[in-house]
Amino acid sequence: MITIDHLGKTFKTARGTEHAALLDIDLHIPDGQFVSILGPSGCGKSTLLYMVGGFEQPSRGSIKVDGRLVTQPGPDRGPVFQEYALFPWKTVLGNVAYGLREQGVPKVQAEARAMVWLEKVKLDKYAHFYPRELSGGMRQRAAIARTLAYEPGILLMDEPFGALDAHTRLTLQAELLTLWEQLRNTVLFVTHAVDEAVYLSDRVIVLTGSPGTVREIIDIDLPRPRVRSELLVNRKYQDYIVHLESLLTGEHA
Ligand SMILES: Nc1ncnc2c1ncn2[C@@H]1O[C@H](COP(=O)(O)OP(=O)(O)OP(=O)(O)O)[C@@H](O)[C@H]1O
């Protein structure tokens, strides 16, 4: 359970002024929910995720995970951030084993567990490749495997598919859902794409423009497992998309 209470973040800018990024966020996210965060560019989506990860400190309010105050990163919260790229000097296997080695798992066991995860993300044949030898989609699969390998209860994903071409993006979304349906960990997923948010999520949190506050929380009541071709002709799915698009483009009355 993630409990976010009156959370605010103000940054000091390089010019010495203050910049309010997030204002008075209250959220309660139960275990095992897939939650997406949508909102205009610069509204504080990444900042919110970084604070849940313990990489940034709140200026006001608090974040608790299972009742414990978040003050620093921990293995219970696994980031898949674009900035957390793979180590270029390690192989795919070395990258995925790294998170486990960090937690004291001996090398042989870490590599065996890493291989299991590489099979799950269909990269086992590329275990000994270096990141530069992989496509963008394969790199993101490796980054996801690296985080999932140490089994965090909470997965923090910041636009993980944002840089991928449309086809690869759809493939990785479907693969992520298949994995998540087995794992059922809590996912906080930042995205710009309304269709991605609706397809993946149990709940979509829409933030206002800067400083970000919660504009609307929408429960996505669509059956699982989700099949995209069925969703595309599902009236409820279409209504969610239209509603979210209107919120984001400011056309909402
Ligand atoms: N380290 C920082 N120092 C100063 N300001 C920052 C810092 N990090 C973020 N900000 C500011 O906080 C606001 C929110 O940034 P953030 O990256 O969280 O937004 P976002 O919603 O994720 O944006 P995007 O959708 O464009 O990725 C922005 O105005 C940004 O300039």
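**Close-up 1. Helix H8 runs from residue 235 to 249.** Helices here are DSSP runs of H or I with at least four residues, strands are runs of E with at least two, and both are numbered from the N terminus. With 15 residues, H8 reaches 21 Å from its first C-alpha to its last, close to the 21 Å expected at 1.5 Å a residue (the expected span is 1.5 Å times one less than the number of residues). Gly250 follows H8 and has a positive phi, near 75°. Please note that this is a predicted model: local features need pLDDT of at least 70, side-chain atom pairs count only at pLDDT 80 or more, and totals for chains, interfaces and linings use all residues. Residues are numbered from 1 along each chain as its sequence is written.

**Close-up 2. H8 has buried residues and, on the other side, exposed ones.** Tyr240, Leu244 and Leu247 are buried (20 or more other C-beta atoms, placed from the backbone, within 10 Å of the residue's own; exposed means 12 or fewer). Seen down the axis of H8, these buried residues fall within an arc of 55°, so they line one face of the helix (the arc is that of the directions from the helix axis to the C-beta atoms). On the other side, Arg235, Asp239, Val242 and Thr249 are exposed.

**Close-up 3. The buried residues of H8 meet their packing partners.** These partners are strands S3 (34-38), S9 (203-207) and S10 (214-219), together with helix H6 (194-200). Contact means that two C-beta atoms, placed from the backbone, lie within 7 Å.
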